[in-house]
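Q: I am new to this structure and would like a close look at one part of it. Please start there, and then lead me on to the rest in one connected walk.

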Amino acid sequence: MAFLGLDALGKFYPQPGGAAPARIMQGISLEVPEGEFLAVLGPSGCGKSTLLQMVAGLATPSEGEARINGRAVAGPPPEAVYLFQQYNRSLLPWRNCRDNVAFATEHRLGRKPARAAADEHLASVGLAGFGDHYPWQLSGGMQQRVAIARALAAEPALLLMDEPFSAVDALTRIQLQSLILDIWARRRLTVMLVTHDVEEAIFLADRIAVLTPRPSTIGEVIEVGLPRPRDAIATREAPRFLELRHHLLNRLLARDAA
Amino acid sequence: MRHSPGILVLVLVIGFLEFAVDAGMIRRALLPPPSATAEVLWELLSTGEFLPPLLSTLKLVFAGFFLGSAIGVALGTAMGISPAMFRLFEPLVELIRPIPKSALVPPLMLFLGIDDAMKITSVTLVVTFPVLLNTLQGVRGVDRVMLDAARTHGWGLGHTLRHMILPAALPFILAGMRVSLGLAMVLAVLSEMLAGQGGLGFLILDMQRSFQLRQMYAWLVILAVLGLLLNSIFLLAERRALFWQRR
């Protein structure tokens, strides 16, 4: 059995006045084996974040279910941690970086042990010595590193990433992508990433599930097949990378029909 | 010296009053010259006579302020996180809130007499509502993303309340408390006047009724300085507590 299974997931919102409910997505089925890096690629507004939130137990599916280790998701599962796009809204501004990382475990371990472990997690994302800084004293990229350290501190088996690099500048994005690949390889995590960035999906993922516009469903699933470890520069110049990029952009920009 | 132009105006006004009273433009019977008031004031201060009434008023302000703030924060938080609690208490709150709390002092006197219990209750009442409404707004305004972060990390309600919702609502809560502090002074002084036994409010009225105007103005100055001090101390504490907001 797959580690993560999506079984005919669908989401719709009831409309006022007896109109037909607005369908956001339907029939999303996927099997994600343990240790895989899966990217879900889709245009803005196709409900990618909603899909990820249903897996994270932060939103309730209208139909179907998500399963982790064979158990249906109902409420946030202990195996999974959600990494938000909006790091500036998910970190606590009144806490320094150390205490923001302790956030992940303090309610289970107590404040002191959680704090003691935090510096190590900060170091593992390249923020050694920043424990006493407050998030608002750091750049956007560094803040997202704090959020990543916090997610790692929870020691999740499944990391759910919601366009985590879309709010940082292009260079920082490339650095953070390499950091995530590093962490993924070291920790043998299973990752589900949603993104609208074609290159990000190809560079990071083992497989890419492409969502169609609303009501979204999975249009196709592509094996990336690029060798690992991937290189921030060389991988992006590989023929396979360019071929996938061409294919996926064609699809997302709906040029097939033209 | 960023206050210096303002202090200059203050000195000019006092100087003008002194001159105006001296020149007979203002009747001495209504306003003694500031220098005469200052003499009385100095006497009150140097003999320590000012202290018991001041402490008596301060006790009412503090007791009512803390009680009212505690009730306001507790009820506002409950109403902010629980729709059921909101529906339960909202009509009652909306009924009592618009009543000028000064109008409740006479009925309170019926039930509680004229002792501290009545005075503290009236201060508590006036403090509660601004704090309650601001807490409600602050608790409701906590960012969804932040709350989801707590959920995905497995935080329970108690931990989330204490370490996320209340700190995030703190700017609102403190703003409400700052408004309430001023109102607490008003109600403390007023209930002392209406149920006079002592305290600054009682003395100001008593001195007026016995035509001891220099004393009256001296106590008024003491009250003004007390208000200024309390407000400054609160602002200082507020800025320290909200250090993370200054960016």
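A: Let's begin with two antiparallel neighbours in chain A: strand 1 (residues 4–13) and strand 4 (residues 63–68), which are joined by five bridges. Helices (H or I, at least four residues) and strands (E, at least two) are DSSP runs numbered from the N terminus, and two strands pair if DSSP finds at least two bridges between them. Before going further, please keep in mind that this is a predicted model, in which local features need pLDDT of at least 70 and side-chain atom pairs count only at pLDDT 80 or more, while totals for chains, interfaces and linings use all residues.

Leu6(A) has Ala66(A) of strand 4 of chain A standing opposite. Both strands belong to an open sheet of four strands in chain A, with the order 2-1-4-5 and antiparallel pairing. At its edges are strand 2 (22–32) and strand 5 (71–72) of chain A, each of which pairs on one side only. Helix 1 (residues 48–56) of chain A packs on this sheet and touches strand 1, strand 2 and strand 4 of chain A. Two residues are in contact if their C-beta atoms, placed from the backbone, lie within 7 Å. The direction of helix 1 makes about 125° with that of strand 1 of chain A; axes here are lines fitted to C-alpha atoms, for helices over the stretch in contact, and angles run from 0 to 180 degrees between N-to-C directions.

Further along chain A are some backbone details. Most residues other than glycine have a negative phi, and most peptide bonds are trans. Arg214(A) and Pro215(A), however, are linked by a cis peptide bond with omega near -15°, and Pro215(A) sits in the loop between strand 9 (207–211) and strand 10 (218–223) of chain A. The bond joining Arg228(A) and Pro229(A) is cis as well, with omega about -5°; the loop that holds Pro229(A) runs between strand 10 and helix 9 (234–237) of chain A. Then there is Glu155(A), not a glycine, with a positive phi of about 50°. Glu155(A) lies in the loop between helix 6 (140–153) and strand 7 (158–162) of chain A and counts as partly exposed, with 14 C-beta neighbours inside 10 Å. The burial scale calls a residue buried if 20 or more other C-beta atoms lie within 10 Å of its own, exposed if 12 or fewer, and partly exposed in between, with C-beta atoms placed from the backbone.

Now let's cross to chain B. The contact between the chains takes 19 residues from chain A and 16 residues from chain B. On the chain B side, helix 7 (144–152) and helix 8 are the elements that give two or more residues, and helix 7 of chain B supplies the largest share, six residues.

Chain B has ten helices and zero strands. Its C-alpha trace spans about 75 × 50 × 30 Å along the principal axes, and 35% of its 247 residues are buried. Inside chain B, helix 3 (residues 51–81) and helix 8 (residues 157–194) pack at an angle of about 140°, with their axes 8 Å apart. Among the residues making this contact are Gly64(B), Gly68(B) and Gly72(B) of helix 3 and Gly176(B), Ser180(B) and Ala184(B) of helix 8.

Chain B also has a residue other than glycine with a positive phi: Phe211(B), near 60°. Phe211(B) is found in the loop between helix 9 (199–209) and helix 10 (213–241) of chain B, and is exposed, with 9 other C-beta atoms within 10 Å.

Finally, UniProt (unreviewed entry) places "domain: ABC transmembrane type-1" at residues 54–234 of chain B. UniProt positions follow the numbering used here, feature names are shortened, and annotations may be inferred rather than shown by experiment. That span is 86% helix and 0% strand in the model, and its end C-alpha atoms lie 18 Å apart. The unreviewed UniProt entry also gives "transmembrane region" for residues 60–86, 181–205 and 217–237 of chain B. Residues 181–205 of chain B are 84% helix and 0% strand, with end C-alpha atoms 22 Å apart, while residues 217–237 of chain B are 100% helix and 0% strand, with end C-alpha atoms 30 Å apart.

Key: Residues are numbered from 1 along each chain as its sequence is written. Chains are lettered from A and ligands numbered from 1 in the order in which they are written.
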